[in-house]
Amino acid sequence: MYEKLLRYGDIIPLKFKCHIKKLEEEIKDFDWHKYNPRTPNNRYGLSVTSLDGKLGGIDLDSFYQYNKLHGTQYKESSFKTFTDVYYKSEETQKLVEPWGKHLERTHFINIRKGGFFPPHRDQISLEQKNFRILVPIKNFNFPYHVFMLDNHLQMLDEGRAYFINTNKVHSLFGFDDDTTMLVMNINCNEESMRIVCQNFQQK
């Protein structure tokens, strides 16, 4: 079904939205933690789900690096326990609850000036294990920040959820100190694909 979904595009706007100012107020008192701390980069994360419901844990690390160092086998589905960020933010709940049991590792990312994700693909596999839902929150678009997908600059509506085909090469770069987004990993199965299809935002 994933391949069939891509007939509608690599970026699909969905009906799910949040009230940005209210969300920012709800999460403003939480401490952000370095994202992929072994990599010198100006990126920070705030966990919505984690391994044990605590903030600043393995879910913000690189799975590949952490598993290699510690002989573990963590993956996106290992991090499904809600943190206080979820419980104290009604706007976050509005964005994640439609995915139900299919929700996996989920967090806010804050990219500060000079922070970046180099060109990469999230999956290189014949089996589509999960897919990404992205919600731009603040200063996501040029000139504050650039999001490139398949060599094209993307401009997205802040506060709206998007299905993103991150199997294609994509990259991000921050020019401002306060670019924020929510990234959800969703288990890829027939039911979760139907949730996407039933919630297309018709333009």
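**View 1. Helix H3 packs against strand S6.** The buried residues of H3 pack against strand S6 (103–111); packing here is contact, meaning heavy atoms within 4.5 Å. Helices (H or I, at least four residues) and strands (E, at least two) are DSSP runs, numbered from the N terminus. The model is predicted: local features need pLDDT of at least 70, side-chain atom pairs count only at pLDDT 80 or more, and totals for chains, interfaces and linings use all residues. Residues are numbered from 1 along each chain as its sequence is written, and side-chain values use heavy atoms, with hydrogens and water left out.

**View 2. The two sides of H3.** In H3 (residues 63–70), Phe 63, Tyr 66 and Asn 67 are the buried residues. They lie on the same side of H3, because they cover an arc of only 95 degrees around the axis; the arc is that of the directions from the helix axis to the C-beta atoms. Tyr 64, Lys 68 and Leu 69 are exposed on the other side. Buried means under 20% relative accessible area, exposed over 50%, partly exposed in between (1.4 Å probe, protein chains only). Gly 71 follows H3 and has a positive phi, near 65 degrees.

**View 3. His 107 in strand S6.** His 107 has its place in S6. With 1% relative accessibility, His 107 counts as buried. Its side chain makes a polar contact with the side chain of Tyr 35 (3.4 Å). A polar contact is a pair of N or O atoms within 3.5 Å; within protein, one must be able to donate a hydrogen and the other to accept it, and residues adjacent in sequence count only if both atoms are side-chain atoms. Leaving aside neighbours within four places in sequence, the contacts of His 107 include Leu 46, Asp 59 and Met 181.

**View 4. Glu 76 and Arg 132 form a salt bridge.** The N to O distance is 3.8 Å. Glu 76 lies in the loop between H3 and strand S5 (81–82) and Arg 132 in strand S8 (residues 130–138), so the pair ties together parts that are 56 residues apart in sequence. Glu 76 is buried at 13% relative accessibility. Arg 132 is buried too, at 19%. A salt bridge is a side-chain nitrogen of Lys or Arg within 4 Å of a carboxyl oxygen of Asp or Glu.

**View 5. Asp 150 and Lys 168 form a salt bridge.** Their N to O distance is 3.6 Å. Asp 150 is partly exposed, with a relative accessible area of 34%. Lys 168 is partly exposed at 27% relative accessibility.
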